[in-house]
Amino acid sequence: MSTERSDDMEELKIRYMRRAIELALSAKGHTSPNPMVGCVVVKEGRIISEACHEKYGEYHAERNALLRCKEDTAGAELYVTLEPCCHYGNTPPCTEIIIEKGIRRVYVGSLDSNPLVAGKGIEILRQAGIQVEYGILEEECRKMNEIFYHYISRNTPFTALKYAMTLDGKIAAYTGDSKWVTSEEARNHVQQLRKEYSGIMVGIGTVLADNPMLNCRIEEGVDPVRIICDSNLRIPMDSNIVKTAKDIKTIVAFSEADGTAVKDLSEPYCRPDCDINKREKLKQLQECGITLIGTGREPQVNLNVLMQKLGEMKIDSVIIEGGGAVNASALRAGIVNKVYAYIAPKIIMGETSRTPVGGRGIEFMKDALCLKHIQSEMIGKDLLITGYIEEEPMK
Ligand code: AOF
Ligand code: ZN
């Protein structure tokens, strides 16, 4: 084959995979805890069908594309952003329908690290005489499913810390006024993130100070599960969170220090030495539709225990939106994987004005948490810096 021709083919593969990625991303916020996957079927240099995995529990991208195809698929090529599955889950294996429909060649973006698949999907296709090539736009395919790749191998949520601060590192004026640090564009960007993450977590301090809703206020948005870290059950019964808990799934995580314990949602949910007020508060919160998670007898919510429990509840990702105390605890506990820092070109001064991460802090610069794979972009007038943290608790 001439070099020119093979260059053209490489270009085509990239073009079709790019289209498959686009399709995958169109289902953002609807597939959790499954990955986003897109698929394109090509015959004689023409796309004859395309689809994505639209919703958790429903058909996968390949099955959708092949079933919806109006033309004969025999001898066609299939582009898919993730290795086709070969197991019976909510749906039958994609490898089966790919073989059945006479596909000649399969191009895969990234391998699936679900232990039920992990290379076996490709092997089965090859055994059936189908040519398989993988690794096309691999990095992009992996990155778009960073939540899935984390969750499938650890069973705890992929966790991001998000904050917005001024150029001099403050999240509010000394009076506590924080409306607004960043521009409308940046705040809309945060709404998009809320659609991508299954859970949103704040500390009780934020609930008491701002009385937030923590919902997703964009068109076709999906509300994340709200998670409040409230060691001593201080959340007001008339707060927006409690008042809307019947409509938006809400979890309150608390400390079982004085004998409180929630085993399940039926009584008795307290140990005999539980403080009577706490017992009453738990009952009231439960009646409002709130799920209660006790994380052990330490005085503060144990974030590692909480993450395990959230993982068991199929919450594959959490975005932490402060305040400073929870942010610091999360970093100390080593549960933060990614940071989104929005920086507004404003200077507000004030020694006592609050900063995004509180806590005791570190003693020496050499102990700083360092981020890697840093990226930056302007969102309107504000700068967004993202980066990843090694999964190790701080000393
Ligand atoms: C694919 N194409 O579009 C997706 C795949 O419970 P199930 O049946 O939905 O299976 C979920 C698993 O299947 C998920 O963990 C991942 O390994 C794979 N997802 N595979 O071939 C798709 N969404
Ligand atoms: Zn599948």
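Predicted model: local features only at pLDDT ≥ 70, side-chain atom pairs only at ≥ 80, totals over all residues.
**View 1. A hairpin is made by strands β1 and β2.** Let's start with two neighbouring strands. β1 covers residues 38-43 and β2 covers residues 46-52, and the two pair in the antiparallel sense over 6 bridges. To find your place along the pair, look for Val-41, which stands opposite Ser-49 in β2. There are 2 residues between the strands, and Glu-44 in the turn has a positive phi of about 50 degrees.

**View 2. Strand β8 is mostly covered.** Follow residues 225-229 here: 5 of the 5 residues in this strand are buried. Val-225, Ile-227 and Cys-229 point one way from β8, while Arg-226 and Ile-228 point the other way. β8 also has a partner, strand β7 (residues 199-203), and they pair in the parallel sense over 5 bridges. Within this pairing, Val-202 stands opposite Ile-228 in β8.

**View 3. Negative charge gathers in a patch on the surface.** Asp-7 belongs to helix α1, which runs over residues 3-25. With a relative accessible area of 46%, Asp-7 is partly exposed.

**View 4. Leu-167, Ile-347 and Met-349 make a nonpolar surface patch.** The patch comes to about 350 Å². One of its members, Ile-347, sits in the loop between β12 (338-344) and β13 (371-379). Is Ile-347 buried or exposed? Ile-347 counts as exposed because its relative accessibility is 59%, and the cut-off for exposed is over 50%.

Key: Residues numbered from 1 in each chain as written. Chains lettered and ligands numbered in written order. Heavy atoms only, no water. Patch = residues over 30% accessible without salt bridge, like charges linked within 9 Å, V, L, I, M, F, W, Y side chains within 5 Å. Areas by Shrake-Rupley, 256 points an atom, 1.4 Å probe, with all protein chains shown as cover. Salt bridge = Lys/Arg side-chain N within 4 Å of Asp/Glu carboxyl O. Helix = DSSP H or I, 4+ residues; strand = E, 2+ residues; numbered from the N terminus. Buried < 20%, exposed > 50% of the residue type's maximum accessible area, 1.4 Å probe, protein only. Pairing = 2+ DSSP bridges. Lys, Arg positive; Asp, Glu negative; His and termini not counted. Charge placed at Lys NZ, Arg CZ, Asp CG, Glu CD.
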